[in-house]
Amino acid sequence: DCAFGKTATNKDVYERTGKVLIDGVLNGRNGTVFAYGATGSGKTQTMVGVENDPGMMLLSRADIFDTARRHGDAYVYDVSCSYLEVYNELIYDLLGGDSRDHDDVPNKPSLELRDDPERGAVVAGLKRVKVADGDDVMELLRQGNARRKTEPTEANATSSRSHAVLEI
């Protein structure tokens, strides 16, 4: 619902778009931040960012845990994460198994998307990991990103050629 110029930071984008989702998520609702665009358009930059300009994933995880701490005397939060990759129309768990199992994406087993009458669409067998703080989420992101399939394209030498979904 808004447009940003080339001088906008990831924090500018987050403050106007993703931040409004945090209270709803901590009250049990679902919230989604989705980046869409052509190769090289800045999706990874917007979602992950860099050290001096963290992206939506990092900014939102910080707000989730900061808000949970502020409400800690009134609520108890049980926080867990899953991290999946969609590559060539197949779904892979980026947190399951050890990294030796994931050196070659086509050799690791894909997961099935199923319809659950109570929860809707679910990925059968997707690993969920309990996390205590934002550092735990960062470690899971690091582990999962190391398992993602990359394949160069003419537009981007380090393109993931896949879609990753982090659920907190």
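Analyst: One definition to start: two strands pair if DSSP finds at least two bridges between them, a strand being a DSSP run of E with at least two residues, numbered from the N terminus. The model is predicted, so local features need pLDDT of at least 70 and side-chain atom pairs pLDDT 80 or more, while totals for chains, interfaces and linings use all residues. Residues count from 1 along each chain as its sequence is written, and side-chain values use heavy atoms, without hydrogens or water.

User: OK, how many bridges join β3 to β7, and which way do they run?
Analyst: Two bridges, and the strands run antiparallel. C81 sits opposite V129 of β7.

User: What else does β3 pair with?
Analyst: β8 (residues 163-167), antiparallel over five bridges, with S82 facing E167. There's also β4 (residues 90-93), antiparallel over four, where Y87 is opposite L90.

User: What's in the turn between β3 and β4?
Analyst: Two residues separate them in a hairpin, and N88 in that turn has a positive phi of about 50 degrees.

User: Is β3 buried or exposed?
Analyst: Seven of its eight residues (80-87) are buried, so β3 is largely enclosed by the rest of the structure. Buried is under 20% relative accessible area, exposed over 50%, partly exposed in between (1.4 Å probe, protein chains only).

User: Switching to K130: buried or exposed?
Analyst: Exposed, at 61% relative accessible area. K130 belongs to β7 (residues 129-130).

User: Which side chain does K130 make a polar contact with?
Analyst: That of D78, at 3.0 Å. A polar contact is an N or O pair within 3.5 Å; within protein, one must be able to donate a hydrogen and the other to accept it, and sequence-adjacent residues count only if both atoms are side-chain atoms.
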